[in-house]
Amino acid sequence: MGRVLSSDLLKIRRKGLWLLAVSGPFGIVALQALNFGIRYDYLTKKYADDLWGGLIENIALLVPVTVLAGVTLISSLIANVEHQTNSWKQLLALPVPRTAVFAAKFLLSVILLGVSCALLAWGTAALGVALGFGWDFPAVKILKISFLPFLASLPFLALLLWMSLTVRNQAAPVAIGLLAAVCSLFAGQLPEFVPLAWPLLAAGPPSGLRLAVGGGVLLGALILLVGAVHFERRDVD
Amino acid sequence: MRSFLRLLSAERLKLAKSRFRWLLPASPLLAAVVGLLSNPPAGAPPRVEFAVVLSGMSFLHAMLLLPILTGILASVVCRYEHAGGGWKLLLSMPVTRPQLYAAKYALIALHLAAVQALFGALAAAVFYVRGFEGPLPWDMLLQSAAGGWIASLPLAALQLGVSLAWSSFAAPLAVNVVFTLPNILIVNSADVGPYYPWAQPLLAMVPRDGETFGALGLPLESLTVTVLGSFIVFLAGGLLYFQRKDI
C-alpha cells in the first residue's frame, strides 16, 4: 500500500496537480487580499469589533465551492494519469491488490487536498497579520473553516474519484462535479440532510456543523467502500 | 470555405453519438427554477419586476455555469483527437490549421448559442407562467441572451487554445475554473468587474433596467471594449499557438 502510494506520488510529478492544490488556497487568499485591500476602511469599520471574525467569514464564503471544484479536478487529473497512457492493464497486472491501487489513489487525493487546506489556514492567518489585525488570531476557527468543508465534501471525492477511475470519458464526472460545486453556493436553501449542502454547512455556525462533517465522513467512507468493491470486481479494458 | 464546411460537418459527426449534449440544458433549466421561485419586489411595474426575475436567473446561469460550460465544450471538441491520436491523421488531410481551428471554434459557438436560445425561451416561459402583465419585453430578453453569448465567445477562444495545448480533459478546465471562481467577488466591484473577461457573460446578461449594483447594470459600451479586446488577444494567441504547435 505504501509503495503503491509512493509510486502514485511519483506519477503525478510535473502534471500540474501540486500547482492546482496550491492555486486554490492562493486564489482565495489573494481575492480576499484584494477585497480587503480595495475596501480596507469600509470593511475594518464594518467588522470593527471582530476583525478576525470578519476576515474568516469572508474567506469561508469561498471555501465550499473551491473545495468541490478542487475535488472534481484533482480526481479527474489523478485518473487521467492512467487513462492517458493506457496503463490500467499493466498497473493491475502487478502483484498488488486492486483495493490497494484504489485506496492509494484516494489517499493521494486526500493528501493533495489536505495540503491545500493547510495552506489555506496558513494563508488566512498570514493575510490577517499582514492586514494589521494583530497576532492573536483565532487558530481553532481558522482551522475549522479550512478543513471542515473538505471533510464534508468527502462523499463527493469518493464518488467522483470512483467515476473518474472507472469511466474513460472524463466529461461526465467533471461536469457533474463542477455543477455540484456551483450549486453548493446556493445550497443555503436546501434542507440540512442533502449532502450538497454539507460543504457550506461545515463552513458555517456550529448548529449544522456536526451533521455536515459527521455525515460527510460516514457517507464518504460508505461510497469509498462500494467503489473499492466495484473496482476490484470489474473488467479492465 | 468549402473545406471549412466539410470540416464542420466532420466535427459534427464526431460528436453525433456523444451524450455530452445532456449537459447543455442543465444550466438554463436550473435558472428557470430560480426564475419560478424568486420573489420580485411587489408593487413595481411588471417590466421592472421581470427584470429582477431575469437578474436572478442570469446570476445562477452566467456567473459561473456559462463560463465553465464554455470550458467543458472546448475540452469536448478536442477530446476525440487527443484520445485516439487523431491530430496527426486530421492534420495530414488537405486542411489548414486555421480552418480546423475555425471549425472547432464554430462548433463551440453554435452549442453556446443553443444554450443561450434555450435560456431565452425558458425566460419567456417564466414570464408567461408567472403571469406578468403586459407584453413580453423582447428587447430585454434578446439583449440578455445574445449579450451572454457574445461575452462568452472570448472565453471560448481561450479555452480552445488551452484545450488544444493539453491532452488532458480536466487540465484546461482547471485553468477555466481558477479564473471563473473569482467572479463571485469580482462582479461586486465596479472598479475591477468591467475589465475582467470572465465576468463579462454575467455583466452582459443582467438587464439594464433594474438598479445598478457593483459592476452590474453598467452601460453596454463599457463592456464591449473588454469583450472585443480579450476576444482578439485570446483568438490570436490560440491560433498562433496552434499554427506553430508540434503535433
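How much space lies in the largest cavity? The figure is about 120 Å³.

1. Some ground rules before the details. This is a predicted model, in which local features need pLDDT of at least 70 and side-chain atom pairs count only at pLDDT 80 or more, while totals for chains, interfaces and linings use all residues. Residues are numbered from 1 along each chain as its sequence is written, chains are lettered from A and ligands numbered from 1 in the order in which they are written, and side-chain values use heavy atoms, with hydrogens and water left out.

2. The cavity. The structure holds 1 cavity of 30 Å³ or more. On a 1 Å grid over the protein atoms alone, a cavity is a set of points where a 1.4 Å probe fits but cannot get out; a pocket is an open set with protein on both sides within 12 Å along at least five of seven lines; and lining residues have an atom within 4 Å of a point. Points are joined across faces, edges and corners, and a volume is the space filled by probe spheres set on them.

3. Its lining. Chain A gives A:A175, A:L178 and A:L179 to the largest cavity, and the residues from chain B include B:L23, B:S27, B:L65 and B:I72. At least two lining residues each come from α9 (171-185) of chain A and from α2 (26-37) and α3 (46-84) of chain B; these helices are DSSP runs (H or I, at least four residues; strands are E, at least two), numbered from the N terminus. The largest share, 4 residues, is supplied by α3(B). By class the lining has 10 nonpolar, 1 polar and no charged residues, where Ala, Val, Leu, Ile, Met, Phe, Trp, Tyr, Cys and Pro count as nonpolar, Asp, Glu, Lys and Arg as charged, and the others, Gly among them, as polar.

4. The largest pocket. About 730 Å³ of space lies here. Of the 29 residues that line this pocket, A:N58, A:L61, B:I184, B:L185 and B:N188 are the closest to its centre. Two or more residues come from each of α2 (17-38), α3 (40-46) and α4 of chain A, together with α3 and α8 (183-186) of chain B. With 5 residues, α4(A) has the largest share. The classes are 20 nonpolar, 5 polar and 4 charged.

5. The second largest pocket. This one holds about 560 Å³. Its lining has 32 residues, with A:S23, A:G24, A:G27, A:I28 and A:T66 nearest the centre. Helices α2, α4 and α6 of chain A and α7 (170-180) and α8 of chain B each give two or more residues. The largest share, 11 residues, belongs to α2(A). The lining counts 26 nonpolar, 6 polar and no charged residues.

6. α4(A) with α6(A). Please look at how α4 (residues 51-84) and α6 (residues 98-130) of chain A meet: their axes come within 10 Å and cross at roughly 155 degrees. Axes are lines fitted to C-alpha atoms, for helices over the stretch in contact, and angles run from 0 to 180 degrees between N-to-C directions. The angle makes α4(A) roughly antiparallel to α6(A); under 35 degrees counts as roughly parallel, over 145 as roughly antiparallel, 65 to 115 as roughly perpendicular and the rest as oblique. The contact (heavy atoms within 4.5 Å) includes A:W52, A:I59 and A:E82 of α4(A) and A:K105, A:L112 and A:V129 of α6(A). Its residues divide into 14 nonpolar, 4 polar and 2 charged.

7. α8(A) with α9(A). Helix α8 (residues 154-166) of chain A packs against α9(A) at about 160 degrees, with the axes 9 Å apart. That makes the two roughly antiparallel. Here A:F156, A:L160, A:M163 and A:S164 of α8(A) meet A:P173, A:I176, A:G177 and A:A180 of α9(A). This contact has 6 nonpolar, 2 polar and no charged residues.

8. α1(B) with α5(B). In chain B, α1 (residues 2-15) and α5 (residues 97-129) pack at about 50 degrees, with axes 9 Å apart. That makes α1(B) oblique to α5(B). Among the contact residues are B:F4, B:E11 and B:R12 of α1(B) and B:Q99, B:K104 and B:L107 of α5(B). The classes here are 9 nonpolar, 2 polar and 4 charged.
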